[in-house]
Amino acid sequence: MNLNTFMKNYAQEIDGQYSEYNDTVSIIIVPLFEDRFQTVFGEVTKYDRYDKEVIEFSSKVCEYEEGIDLKSLMEENHNFCYGKFSILNGYIQVKVTFFKDNVKESTFKQAIQEIANLADEYEFKLTGADVH
């Protein structure tokens, strides 16, 4: 599967916006409820541990600041099908990783929607804003 082609087609399907960074990275701005939006990144990368390609979808929640209860976010992880909280480059994000060779497009669509909704929900809970 070509990730960028999938992302472009899915963005059209949901009336979102698509941008391609390069051959392995693209984004969709996912429309949500009440005129809110959430950016979801898709990236093909190599998972060295198993010497396989993976597809990662992620969406920023907010910049990490002291006082954010990370334990409670980690405890929330068990409530989600796909997305999990993580911190990367100083940002709390919701992320999911799939091995590239064994996932259906319908699963990608479900994961993107879950990630967008969770990131938006927690962004609002933690900041009161719609930034990402």
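## Two loop residues

Asn-89 sits in the loop that links strand 5 (84-88) to strand 6 (91-99). Although Asn-89 is not a glycine, its phi is positive, at about 50°. Asn-89 is also exposed, with a relative accessible area of 71%; exposed means over 50%, buried means under 20%, and partly exposed lies in between (1.4 Å probe, protein chains only).

With a relative accessible area of 67%, Asp-15 counts as exposed.

## About the model

This is a predicted model, in which local features need pLDDT of at least 70 and side-chain atom pairs count only at pLDDT 80 or more, while totals for chains, interfaces and linings use all residues. Residues are numbered from 1 along each chain as its sequence is written, and side-chain values use heavy atoms, leaving out hydrogens and water.

## Aromatic rings

A pair of aromatic rings is described by the distance of the centres and the angle of the planes. Rings of Phe, Tyr and Trp (its six-membered ring) pair if their centres lie within 6.5 Å; planes under 30 degrees apart are stacked, over 60 edge-to-face, and the rest tilted. The count by this rule is 13 aromatic pairs. One of them joins Phe-6 and Tyr-10, a stacked pair with 5.9 Å from centre to centre and 5° between the planes.

Both partners belong to helix 1, four residues apart, or about one turn of the helix. Phe-6 and Tyr-10 are both buried. They also belong to one aromatic cluster, together with Phe-57, Tyr-82, Phe-98 and Phe-108.

## Charges over rings

Two lysines are worth a look here. A charge sits over a ring if NZ of Lys or CZ of Arg is within 6 Å of the ring centre and within 35 degrees of the ring normal. Lys-60 places its charged end over the ring of Tyr-91, 4.2 Å from the ring centre. The charged end of Lys-52 sits over the ring of Phe-99, at 5.2 Å from its centre.

## Cysteines

A disulfide is a covalent bond between the sulfur atoms of two cysteines. Taking a disulfide as a pair of cysteine sulfur atoms within 2.5 Å, the count comes to zero. Cys-62 counts as buried, at 5% relative accessibility, whereas Cys-81 counts as exposed, at 65%.
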